[in-house]
Amino acid sequence: MVIARMVAGAGSALAMLTLSGCGLLWSCTDTTAERGEAGVRVGIVDESGRPVGVTAEVTGWRREPHPQVPEEGDQIHFDIRFEGAGQGSEPAVDACAVDGKRVVLGCQTVHSADVFGPKGPYTGDYYLAVDRPERVAEVLLIPDDQSAHDRRTCEDDIKDGGGVHPPDMPSPGERL
């Protein structure tokens, strides 16, 4: 009778732990959001595909040497503008130089909080190094927010990791 009460009590304790979220097994899952459609002007979206209220636009680009390292040859010098930035989140996008078939030649992440140029806040310019700058036909932006999200994975931290993560930056050779 005492053993039966102990077993029943242990079952009740396990049920209470499970209901409170303190289970014996963590059900941690990692998911990568689907990459949005690249464009010259994009509405930035969060991991769920919802707009964050900010647009980003490449307002121009040219091929020229970086003034601090001209010996490295031509790079892609592009201008970018964020609209709606500073009203809550500070999103970031991947900017990618692509060829005429939209094959990625190189990418880098641009944070709206870091953009400040001669035309005022949230406008600026960057240099992007690519192997074959003469092949660049466009500079496109990926609309997925790449700002400083908690990117811990289940492998990193089974208790607090997991969830939906932004897509990885495109690699050279990928098509957008």
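The pLDDT is below 50 over residues 13-24, a stretch with five contacts in the model beyond near neighbours in sequence. The model is predicted, and the protein chain averages a pLDDT of 82, with 77% of the residues scoring at least 70.

**Reading the confidence**

- Where pLDDT is low, the predicted coordinates should not be read in detail.

**The sheet**

- Three strands form an open sheet in the order β6-β5-β10, and their pairing is antiparallel.
- β6 and β10 stand at the edges with a single partner strand each, so one side of each has no neighbour in the sheet.
- On average, neighbouring strands of this sheet are turned by 25 degrees against each other, direction ignored.
- Strands of a sheet pair through backbone hydrogen bonds, either parallel or antiparallel.
- Seven bridges join β5 and β6, which pair in the antiparallel sense.
- D94 stands opposite T109 in β6.

**Residue D99**

- The loop between β5 (92-98) and β6 (104-111) contains D99.
- D99 has a relative accessible area of 10%, so D99 counts as buried, the cut-off being under 20%.
- The D99 side chain reaches the backbone nitrogen of V103 at 3.0 Å.
- Leaving aside residues up to four places away in sequence, D99 touches L105, R135 and A137.

Note on methods. Residues are numbered from 1 along each chain as its sequence is written. This is a predicted model: local features need pLDDT of at least 70, side-chain atom pairs count only at pLDDT 80 or more; totals for chains, interfaces and linings use all residues. Side-chain values use heavy atoms; hydrogens and water are left out. Helices (H or I, at least four residues) and strands (E, at least two) are DSSP runs, numbered from the N terminus. Buried means under 20% relative accessible area, exposed over 50%, partly exposed in between (1.4 Å probe, protein chains only). A polar contact is a pair of N or O atoms within 3.5 Å; within protein, one must be able to donate a hydrogen and the other to accept it, and residues adjacent in sequence count only if both atoms are side-chain atoms. Contact means heavy atoms within 4.5 Å. pLDDT is the predictor's confidence in each residue, from 0 to 100. Two strands pair if DSSP finds at least two bridges between them. Axes are lines fitted to C-alpha atoms, for helices over the stretch in contact, and angles run from 0 to 180 degrees between N-to-C directions.
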